[in-house]
Amino acid sequence: MQALSTVFRRAGPLRLPTHLTPLSSPPAYSTLSTAFSARSLPSVSALKSSTRALPASRGHAGSAAGSSPLPWSLFPRPLCSSSAAPESAGHRSRRVPARPQASMESRDPGAPPPLTHPPDQDPSPAAAAAGAAAAAAASPSSSSAAATASAAAAAAGVAAPVRIAVAQMTSGGDQEANFATCARLAREAAEAGCRMLFLPECFAFIGASPAESLAAAQPLDGPLMTRYRELARSHGLWMSLGGFQETGPDPQHIYNTHVVVDAEGRMAAVYRKIHLFDVDVPNGPLLMESRTTAPGDKAVVVPATPAGPLGLTTCYDLRFPELFAHLTWERGAQILAVPSAFTVVTGAAHWEVLLRARAIECQAYVVAAAQAGRHNAKRESYGHALVVDPWGTVVAALSDPRVTGIAVAEVDAGLLARTRERMPCGAH
(Lines give C-alpha, C1' and ligand atoms only; values in the text may rest on other atoms or scores of the structure.)
Protein backbone atom coordinates (compact mmCIF):
# COMPACT_ATOMS: atom_id res chain seq x y z
CA MET A 1 0.00 0.00 0.00
CA GLN A 2 2.93 2.33 0.64
CA ALA A 3 4.08 1.74 -2.92
CA LEU A 4 0.62 2.53 -4.28
CA SER A 5 0.48 5.72 -2.19
CA THR A 6 3.83 6.71 -3.67
CA VAL A 7 2.45 6.22 -7.18
CA PHE A 8 -0.47 8.57 -6.43
CA ARG A 9 1.89 11.13 -4.86
CA ARG A 10 4.22 11.15 -7.86
CA ALA A 11 1.54 11.06 -10.52
CA GLY A 12 -0.51 13.96 -9.16
CA PRO A 13 -4.02 14.74 -10.49
CA LEU A 14 -5.07 13.30 -13.83
CA ARG A 15 -4.94 15.82 -16.66
CA LEU A 16 -6.00 15.73 -20.30
CA PRO A 17 -3.12 15.18 -22.73
CA THR A 18 -2.31 18.44 -24.47
CA HIS A 19 -2.77 16.88 -27.92
CA LEU A 20 -6.53 16.79 -27.36
CA THR A 21 -6.65 20.56 -27.89
CA PRO A 22 -4.28 21.01 -30.86
CA LEU A 23 -5.41 24.50 -31.86
CA SER A 24 -4.04 27.71 -30.38
CA SER A 25 -7.66 28.79 -29.85
CA PRO A 26 -9.59 25.57 -29.21
CA PRO A 27 -13.06 25.28 -30.79
CA ALA A 28 -16.16 25.32 -28.65
CA TYR A 29 -16.45 21.57 -28.44
CA SER A 30 -13.23 21.38 -26.37
CA THR A 31 -15.28 22.35 -23.30
CA LEU A 32 -16.02 18.64 -23.08
CA SER A 33 -12.63 18.35 -21.35
CA THR A 34 -14.21 19.55 -18.11
CA ALA A 35 -16.03 16.24 -17.90
CA PHE A 36 -12.70 14.45 -17.83
CA SER A 37 -10.96 16.70 -15.33
CA ALA A 38 -13.91 16.32 -12.93
CA ARG A 39 -13.20 12.60 -12.65
CA SER A 40 -9.75 12.75 -11.06
CA LEU A 41 -8.69 10.10 -8.56
CA PRO A 42 -8.84 10.74 -4.78
CA SER A 43 -6.05 12.91 -3.42
CA VAL A 44 -3.18 11.38 -1.47
CA SER A 45 -4.29 13.21 1.70
CA ALA A 46 -7.78 11.71 1.38
CA LEU A 47 -6.26 8.25 1.00
CA LYS A 48 -4.03 8.72 4.06
CA SER A 49 -6.81 10.14 6.24
CA SER A 50 -8.96 7.02 6.01
CA THR A 51 -7.77 4.33 8.43
CA ARG A 52 -10.87 2.23 8.84
CA ALA A 53 -10.49 -1.44 8.02
CA LEU A 54 -12.36 -2.88 5.09
CA PRO A 55 -15.18 -5.32 5.84
CA ALA A 56 -14.27 -8.96 5.69
CA SER A 57 -16.76 -9.46 2.87
CA ARG A 58 -14.40 -7.46 0.62
CA GLY A 59 -12.01 -10.39 0.72
CA HIS A 60 -9.13 -8.20 1.95
CA ALA A 61 -6.44 -10.06 3.90
CA GLY A 62 -5.20 -7.12 5.96
CA SER A 63 -2.22 -4.83 5.49
CA ALA A 64 1.44 -4.71 6.40
CA ALA A 65 2.61 -3.15 9.65
CA GLY A 66 2.69 0.63 9.57
CA SER A 67 0.33 0.94 6.54
CA SER A 68 -3.41 1.35 6.31
CA PRO A 69 -5.73 -0.43 3.89
CA LEU A 70 -6.72 1.32 0.66
CA PRO A 71 -10.18 2.90 1.28
CA TRP A 72 -12.12 1.50 -1.68
CA SER A 73 -15.23 3.40 -0.54
CA LEU A 74 -13.64 6.59 -1.90
CA PHE A 75 -14.05 5.23 -5.41
CA PRO A 76 -17.58 5.60 -6.89
CA ARG A 77 -17.37 2.17 -8.51
CA PRO A 78 -14.89 -0.73 -8.67
CA LEU A 79 -11.84 -0.09 -10.82
CA CYS A 80 -12.13 -3.68 -12.02
CA SER A 81 -15.14 -5.92 -11.71
CA SER A 82 -13.34 -9.12 -12.56
CA SER A 83 -13.51 -11.86 -9.93
CA ALA A 84 -10.80 -13.87 -11.66
CA ALA A 85 -7.77 -11.69 -10.91
CA PRO A 86 -4.62 -13.75 -10.20
CA GLU A 87 -3.50 -14.14 -6.60
CA SER A 88 0.09 -13.82 -5.50
CA ALA A 89 1.96 -14.32 -2.22
CA GLY A 90 0.80 -11.86 0.41
CA HIS A 91 -2.15 -10.65 -1.67
CA ARG A 92 -5.64 -11.84 -2.37
CA SER A 93 -7.67 -10.42 -5.23
CA ARG A 94 -10.56 -8.16 -4.28
CA ARG A 95 -13.59 -10.12 -5.35
CA VAL A 96 -16.77 -8.37 -6.43
CA PRO A 97 -19.88 -10.45 -5.82
CA ALA A 98 -21.86 -11.30 -8.93
CA ARG A 99 -24.96 -9.24 -9.49
CA PRO A 100 -28.12 -11.35 -9.45
CA GLN A 101 -29.88 -11.46 -12.78
CA ALA A 102 -33.37 -9.97 -12.69
CA SER A 103 -36.04 -12.16 -14.15
CA MET A 104 -38.24 -10.85 -16.95
CA GLU A 105 -41.19 -10.86 -14.52
CA SER A 106 -39.39 -8.53 -12.09
CA ARG A 107 -38.31 -6.00 -14.73
CA ASP A 108 -39.81 -2.54 -14.94
CA PRO A 109 -42.61 -2.86 -17.54
CA GLY A 110 -41.44 0.36 -19.17
CA ALA A 111 -37.80 -0.73 -19.50
CA PRO A 112 -36.46 -2.03 -22.83
CA PRO A 113 -35.85 -5.78 -23.09
CA PRO A 114 -32.31 -6.97 -22.28
CA LEU A 115 -29.66 -6.64 -24.97
CA THR A 116 -29.17 -10.31 -25.86
CA HIS A 117 -28.61 -9.82 -29.61
CA PRO A 118 -27.79 -7.00 -32.05
CA PRO A 119 -30.62 -4.44 -32.30
CA ASP A 120 -31.03 -5.14 -36.03
CA GLN A 121 -32.17 -8.66 -35.05
CA ASP A 122 -34.87 -7.34 -32.71
CA PRO A 123 -37.92 -9.64 -33.05
CA SER A 124 -40.42 -7.03 -31.81
CA PRO A 125 -43.41 -6.21 -34.06
CA ALA A 126 -42.19 -2.66 -34.63
CA ALA A 127 -38.76 -3.93 -35.65
CA ALA A 128 -40.29 -6.53 -37.93
CA ALA A 129 -42.33 -3.84 -39.63
CA ALA A 130 -39.23 -1.70 -39.98
CA GLY A 131 -37.42 -4.67 -41.50
CA ALA A 132 -40.24 -5.18 -43.95
CA ALA A 133 -40.03 -1.52 -44.88
CA ALA A 134 -36.29 -1.84 -45.42
CA ALA A 135 -36.77 -4.91 -47.58
CA ALA A 136 -39.35 -3.04 -49.63
CA ALA A 137 -36.95 -0.13 -49.99
CA ALA A 138 -34.32 -2.55 -51.34
CA SER A 139 -36.65 -3.60 -54.16
CA PRO A 140 -35.18 -3.16 -57.68
CA SER A 141 -38.03 -0.82 -58.61
CA SER A 142 -37.13 2.31 -56.66
CA SER A 143 -40.35 4.23 -57.36
CA SER A 144 -42.71 1.48 -56.20
CA ALA A 145 -40.32 0.54 -53.38
CA ALA A 146 -40.53 3.98 -51.81
CA ALA A 147 -44.32 3.85 -51.70
CA THR A 148 -44.31 0.29 -50.36
CA ALA A 149 -41.74 1.11 -47.69
CA SER A 150 -43.61 4.21 -46.56
CA ALA A 151 -46.90 2.33 -46.36
CA ALA A 152 -45.36 -0.53 -44.37
CA ALA A 153 -43.68 1.86 -41.96
CA ALA A 154 -46.77 4.02 -41.53
CA ALA A 155 -48.89 0.97 -40.74
CA ALA A 156 -46.44 0.00 -37.98
CA GLY A 157 -45.99 3.52 -36.67
CA VAL A 158 -42.26 3.60 -37.41
CA ALA A 159 -40.17 5.81 -39.70
CA ALA A 160 -39.28 4.23 -43.02
CA PRO A 161 -35.57 3.67 -43.68
CA VAL A 162 -34.04 6.32 -45.94
CA ARG A 163 -31.83 5.26 -48.81
CA ILE A 164 -28.48 7.06 -49.22
CA ALA A 165 -25.46 6.66 -51.50
CA VAL A 166 -21.80 6.94 -50.54
CA ALA A 167 -19.38 7.72 -53.37
CA GLN A 168 -15.86 6.73 -54.25
CA MET A 169 -13.87 8.45 -57.00
CA THR A 170 -10.41 9.49 -58.20
CA SER A 171 -10.31 13.26 -58.59
CA GLY A 172 -7.55 14.98 -60.54
CA GLY A 173 -6.47 18.39 -61.72
CA ASP A 174 -9.22 18.74 -64.36
CA GLN A 175 -12.28 20.36 -62.75
CA GLU A 176 -14.47 19.62 -65.78
CA ALA A 177 -13.62 15.90 -65.72
CA ASN A 178 -14.27 15.78 -61.97
CA PHE A 179 -17.68 17.43 -62.44
CA ALA A 180 -18.59 14.90 -65.12
CA THR A 181 -17.75 12.06 -62.71
CA CYS A 182 -19.83 13.61 -59.93
CA ALA A 183 -22.73 14.12 -62.34
CA ARG A 184 -22.63 10.41 -63.23
CA LEU A 185 -22.58 9.41 -59.58
CA ALA A 186 -25.53 11.72 -58.85
CA ARG A 187 -27.51 10.18 -61.69
CA GLU A 188 -26.76 6.66 -60.41
CA ALA A 189 -27.82 7.64 -56.90
CA ALA A 190 -31.10 9.14 -58.11
CA GLU A 191 -31.85 6.07 -60.25
CA ALA A 192 -31.24 3.86 -57.19
CA GLY A 193 -33.92 5.75 -55.27
CA CYS A 194 -31.48 7.52 -52.94
CA ARG A 195 -32.47 10.71 -51.14
CA MET A 196 -28.91 11.84 -50.45
CA LEU A 197 -25.46 11.44 -52.04
CA PHE A 198 -22.18 11.79 -50.11
CA LEU A 199 -19.12 12.82 -52.16
CA PRO A 200 -15.51 12.62 -50.87
CA GLU A 201 -13.04 15.28 -49.83
CA CYS A 202 -11.53 17.17 -52.79
CA PHE A 203 -14.34 15.95 -55.08
CA ALA A 204 -13.92 19.01 -57.33
CA PHE A 205 -10.12 19.15 -57.59
CA ILE A 206 -6.85 17.51 -56.52
CA GLY A 207 -3.77 19.28 -57.80
CA ALA A 208 -0.17 18.18 -58.02
CA SER A 209 1.02 21.01 -55.75
CA PRO A 210 -0.29 23.37 -53.07
CA ALA A 211 0.06 26.24 -55.53
CA GLU A 212 -2.42 24.54 -57.86
CA SER A 213 -4.95 24.18 -55.04
CA LEU A 214 -4.61 27.87 -54.18
CA ALA A 215 -5.16 28.80 -57.82
CA ALA A 216 -8.24 26.53 -58.09
CA ALA A 217 -10.04 28.00 -55.06
CA GLN A 218 -13.35 29.81 -55.56
CA PRO A 219 -15.88 31.50 -53.27
CA LEU A 220 -19.00 29.51 -52.34
CA ASP A 221 -21.11 31.77 -54.53
CA GLY A 222 -18.74 31.28 -57.47
CA PRO A 223 -19.45 29.41 -60.72
CA LEU A 224 -18.10 26.00 -59.68
CA MET A 225 -20.19 25.58 -56.52
CA THR A 226 -23.17 26.98 -58.44
CA ARG A 227 -22.85 24.08 -60.90
CA TYR A 228 -22.87 21.51 -58.09
CA ARG A 229 -25.90 23.17 -56.52
CA GLU A 230 -27.69 22.94 -59.86
CA LEU A 231 -26.67 19.28 -60.11
CA ALA A 232 -28.38 18.56 -56.79
CA ARG A 233 -31.50 20.46 -57.84
CA SER A 234 -31.73 18.71 -61.20
CA HIS A 235 -31.79 15.25 -59.55
CA GLY A 236 -33.80 16.25 -56.47
CA LEU A 237 -30.92 15.00 -54.31
CA TRP A 238 -29.44 16.27 -51.09
CA MET A 239 -25.65 16.26 -51.51
CA SER A 240 -22.78 16.28 -49.04
CA LEU A 241 -19.92 17.99 -50.88
CA GLY A 242 -16.90 17.25 -48.72
CA GLY A 243 -13.69 19.23 -49.06
CA PHE A 244 -14.27 22.07 -51.53
CA GLN A 245 -11.37 24.48 -52.11
CA GLU A 246 -13.00 27.70 -50.89
CA THR A 247 -11.29 31.07 -51.20
CA GLY A 248 -9.59 31.67 -47.85
CA PRO A 249 -8.90 34.56 -45.49
CA ASP A 250 -5.73 35.67 -47.35
CA PRO A 251 -3.99 34.99 -50.68
CA GLN A 252 -1.78 32.28 -49.13
CA HIS A 253 -4.57 30.19 -47.60
CA ILE A 254 -7.83 28.52 -48.62
CA TYR A 255 -10.51 26.80 -46.57
CA ASN A 256 -11.17 23.05 -46.84
CA THR A 257 -14.95 23.38 -46.82
CA HIS A 258 -17.67 20.75 -46.45
CA VAL A 259 -20.91 22.03 -48.01
CA VAL A 260 -24.34 20.42 -47.72
CA VAL A 261 -26.82 21.26 -50.49
CA ASP A 262 -30.53 20.40 -50.30
CA ALA A 263 -32.73 18.94 -53.04
CA GLU A 264 -33.65 22.45 -54.21
CA GLY A 265 -30.01 23.39 -54.71
CA ARG A 266 -29.81 25.63 -51.64
CA MET A 267 -26.82 25.55 -49.30
CA ALA A 268 -28.08 24.01 -46.04
CA ALA A 269 -24.77 24.15 -44.13
CA VAL A 270 -21.09 25.04 -44.41
CA TYR A 271 -18.34 23.46 -42.28
CA ARG A 272 -14.68 24.45 -42.54
CA LYS A 273 -12.30 21.67 -41.55
CA ILE A 274 -10.96 22.19 -38.02
CA HIS A 275 -8.10 19.67 -37.73
CA LEU A 276 -5.50 20.13 -40.47
CA PHE A 277 -3.33 17.24 -41.64
CA ASP A 278 0.32 18.13 -40.92
CA VAL A 279 1.97 14.71 -40.98
CA ASP A 280 5.08 13.07 -42.37
CA VAL A 281 3.55 9.69 -43.25
CA PRO A 282 5.96 6.75 -42.68
CA ASN A 283 6.91 5.36 -46.09
CA GLY A 284 4.56 7.94 -47.59
CA PRO A 285 4.28 11.64 -48.45
CA LEU A 286 4.97 14.69 -46.32
CA LEU A 287 1.66 16.55 -46.14
CA MET A 288 1.50 19.98 -44.50
CA GLU A 289 -2.08 21.12 -44.99
CA SER A 290 -1.70 24.16 -42.72
CA ARG A 291 0.81 25.78 -45.08
CA THR A 292 -1.96 26.62 -47.55
CA THR A 293 -5.18 25.97 -45.58
CA ALA A 294 -6.71 27.96 -42.73
CA PRO A 295 -8.57 26.00 -40.04
CA GLY A 296 -12.22 26.46 -39.21
CA ASP A 297 -13.40 26.94 -35.64
CA LYS A 298 -17.06 25.89 -35.57
CA ALA A 299 -18.64 22.44 -35.25
CA VAL A 300 -21.69 22.10 -37.51
CA VAL A 301 -24.83 19.95 -37.44
CA VAL A 302 -27.50 20.10 -40.14
CA PRO A 303 -30.66 19.65 -38.03
CA ALA A 304 -32.94 18.21 -40.72
CA THR A 305 -31.85 16.11 -43.70
CA PRO A 306 -33.72 13.16 -45.27
CA ALA A 307 -31.41 10.83 -43.30
CA GLY A 308 -31.76 12.70 -39.98
CA PRO A 309 -29.66 15.28 -38.09
CA LEU A 310 -26.26 15.28 -39.82
CA GLY A 311 -22.92 16.09 -38.15
CA LEU A 312 -20.20 17.35 -40.47
CA THR A 313 -16.51 16.45 -40.33
CA THR A 314 -13.72 16.04 -42.90
CA CYS A 315 -11.00 13.38 -43.17
CA TYR A 316 -8.37 14.02 -40.43
CA ASP A 317 -11.16 15.08 -38.03
CA LEU A 318 -11.83 11.34 -37.76
CA ARG A 319 -8.93 11.01 -35.30
CA PHE A 320 -10.50 13.39 -32.76
CA PRO A 321 -13.35 11.58 -30.99
CA GLU A 322 -14.26 14.56 -28.80
CA LEU A 323 -15.54 16.38 -31.91
CA PHE A 324 -17.79 13.43 -32.78
CA ALA A 325 -19.02 13.19 -29.18
CA HIS A 326 -19.90 16.89 -29.24
CA LEU A 327 -21.78 16.58 -32.55
CA THR A 328 -23.74 13.59 -31.27
CA TRP A 329 -24.46 14.02 -27.58
CA GLU A 330 -24.53 17.83 -27.38
CA ARG A 331 -25.81 18.76 -30.83
CA GLY A 332 -28.11 15.83 -31.60
CA ALA A 333 -26.48 14.30 -34.72
CA GLN A 334 -27.70 10.83 -35.69
CA ILE A 335 -25.59 10.45 -38.82
CA LEU A 336 -21.97 11.59 -39.20
CA ALA A 337 -20.36 12.41 -42.55
CA VAL A 338 -16.62 11.82 -42.95
CA PRO A 339 -15.63 12.70 -46.56
CA SER A 340 -11.98 11.75 -46.91
CA ALA A 341 -8.84 11.32 -48.97
CA PHE A 342 -6.85 8.99 -46.68
CA THR A 343 -3.33 8.03 -47.64
CA VAL A 344 -2.72 4.39 -48.51
CA VAL A 345 -0.47 3.78 -45.48
CA THR A 346 -2.77 5.32 -42.86
CA GLY A 347 -5.89 3.97 -44.53
CA ALA A 348 -4.70 0.37 -44.48
CA ALA A 349 -3.83 0.69 -40.80
CA HIS A 350 -6.64 2.80 -39.36
CA TRP A 351 -9.47 3.70 -41.76
CA GLU A 352 -12.14 1.10 -41.02
CA VAL A 353 -11.34 0.65 -37.33
CA LEU A 354 -11.61 4.41 -36.68
CA LEU A 355 -14.89 4.70 -38.58
CA ARG A 356 -16.41 1.76 -36.73
CA ALA A 357 -15.16 3.13 -33.41
CA ARG A 358 -16.82 6.52 -34.03
CA ALA A 359 -20.08 4.77 -34.95
CA ILE A 360 -20.03 2.59 -31.81
CA GLU A 361 -19.04 5.44 -29.48
CA CYS A 362 -21.68 7.79 -30.85
CA GLN A 363 -24.31 5.14 -31.61
CA ALA A 364 -24.81 6.86 -34.94
CA TYR A 365 -24.53 6.09 -38.63
CA VAL A 366 -21.14 7.03 -40.11
CA VAL A 367 -20.95 7.72 -43.85
CA ALA A 368 -17.42 7.85 -45.25
CA ALA A 369 -17.07 8.83 -48.91
CA ALA A 370 -13.52 8.30 -50.14
CA GLN A 371 -10.98 9.25 -52.75
CA ALA A 372 -9.38 6.15 -54.30
CA GLY A 373 -6.39 5.37 -56.47
CA ARG A 374 -3.65 7.50 -58.01
CA HIS A 375 -4.43 11.17 -58.60
CA ASN A 376 -1.02 12.21 -59.95
CA ALA A 377 2.63 11.25 -59.66
CA LYS A 378 2.80 12.49 -56.06
CA ARG A 379 -0.49 11.43 -54.52
CA GLU A 380 -2.52 8.25 -54.06
CA SER A 381 -5.59 7.59 -51.88
CA TYR A 382 -6.78 4.49 -50.03
CA GLY A 383 -10.42 4.28 -51.14
CA HIS A 384 -12.74 1.86 -49.32
CA ALA A 385 -15.80 4.13 -49.09
CA LEU A 386 -18.31 2.64 -46.64
CA VAL A 387 -21.29 3.15 -44.34
CA VAL A 388 -21.34 1.93 -40.72
CA ASP A 389 -24.51 1.52 -38.66
CA PRO A 390 -24.90 2.47 -34.95
CA TRP A 391 -23.98 -1.08 -33.86
CA GLY A 392 -20.62 -0.78 -35.65
CA THR A 393 -21.53 -3.02 -38.59
CA VAL A 394 -20.37 -2.08 -42.09
CA VAL A 395 -23.65 -2.05 -44.02
CA ALA A 396 -22.44 -0.74 -47.40
CA ALA A 397 -19.17 -0.75 -49.31
CA LEU A 398 -18.10 -1.00 -52.93
CA SER A 399 -17.07 -4.46 -54.09
CA ASP A 400 -13.83 -2.97 -55.46
CA PRO A 401 -12.27 -0.50 -52.99
CA ARG A 402 -10.46 1.38 -55.77
CA VAL A 403 -13.04 1.94 -58.52
CA THR A 404 -15.32 4.92 -59.08
CA GLY A 405 -18.93 4.24 -58.08
CA ILE A 406 -21.50 4.33 -55.28
CA ALA A 407 -22.60 1.99 -52.52
CA VAL A 408 -26.19 2.17 -51.27
CA ALA A 409 -27.42 1.82 -47.68
CA GLU A 410 -30.60 2.39 -45.70
CA VAL A 411 -30.45 4.73 -42.70
CA ASP A 412 -32.93 3.22 -40.24
CA ALA A 413 -34.03 5.60 -37.47
CA GLY A 414 -35.70 2.66 -35.71
CA LEU A 415 -32.42 0.74 -35.49
CA LEU A 416 -30.65 3.82 -34.15
CA ALA A 417 -33.35 4.34 -31.50
CA ARG A 418 -33.23 0.68 -30.42
CA THR A 419 -29.44 0.76 -30.17
CA ARG A 420 -29.48 3.84 -27.95
CA GLU A 421 -32.34 2.43 -25.88
CA ARG A 422 -30.70 -0.94 -25.23
CA MET A 423 -27.23 0.56 -24.59
CA PRO A 424 -28.05 3.99 -23.10
CA CYS A 425 -24.60 5.59 -23.36
CA GLY A 426 -26.14 9.02 -23.80
CA ALA A 427 -27.66 8.83 -20.32
CA HIS A 428 -24.35 8.03 -18.66
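## About the model

The model is predicted, so local features need pLDDT of at least 70 and side-chain atom pairs count only at pLDDT 80 or more, while totals for chains, interfaces and linings use all residues. Residues are numbered from 1 along each chain as its sequence is written, and side-chain values use heavy atoms, leaving out hydrogens and water.

## Helices α9 and α10

Let's start with α9 (residues 321-330) and α10 (residues 344-362), which pack at about 40° with axes 10 Å apart. Helices here are DSSP runs (H or I, at least four residues), and strands likewise (E, at least two). Axes are fitted to C-alpha atoms over the stretch in contact, with angles from 0 to 180 degrees between N-to-C directions.

On the α9 side, the contact (heavy atoms within 4.5 Å) involves Pro321, Phe324, Ala325, Thr328 and Trp329, and α10 brings Arg358, Glu361 and Cys362.

## Helix α11

In α11 (residues 413-422), the buried residues are Leu415, Leu416, Arg418, Thr419 and Arg422; buried means under 20% relative accessible area with a 1.4 Å probe, counting protein chains only. They share one side of α11, because their arc around the axis is only 165°, taken from the directions from the axis to the C-beta atoms.

## His258 in strand β4

Now to His258, which sits in β4 (residues 253-261). Is His258 buried or exposed? His258 is buried, at a relative accessible area of 0%.

The His258 side chain makes a polar contact of 2.7 Å with that of Ser240. Such a contact is a pair of N or O atoms within 3.5 Å; within protein, one must be able to donate a hydrogen and the other to accept it, and sequence-adjacent residues count only if both atoms are side-chain atoms. Beyond its neighbours within four places in sequence, His258 also touches residues including Leu241, Tyr271, Leu312 and Pro339.

Definitions and conventions: Buried < 20%, exposed > 50% of the residue type's maximum accessible area, 1.4 Å probe, protein only.
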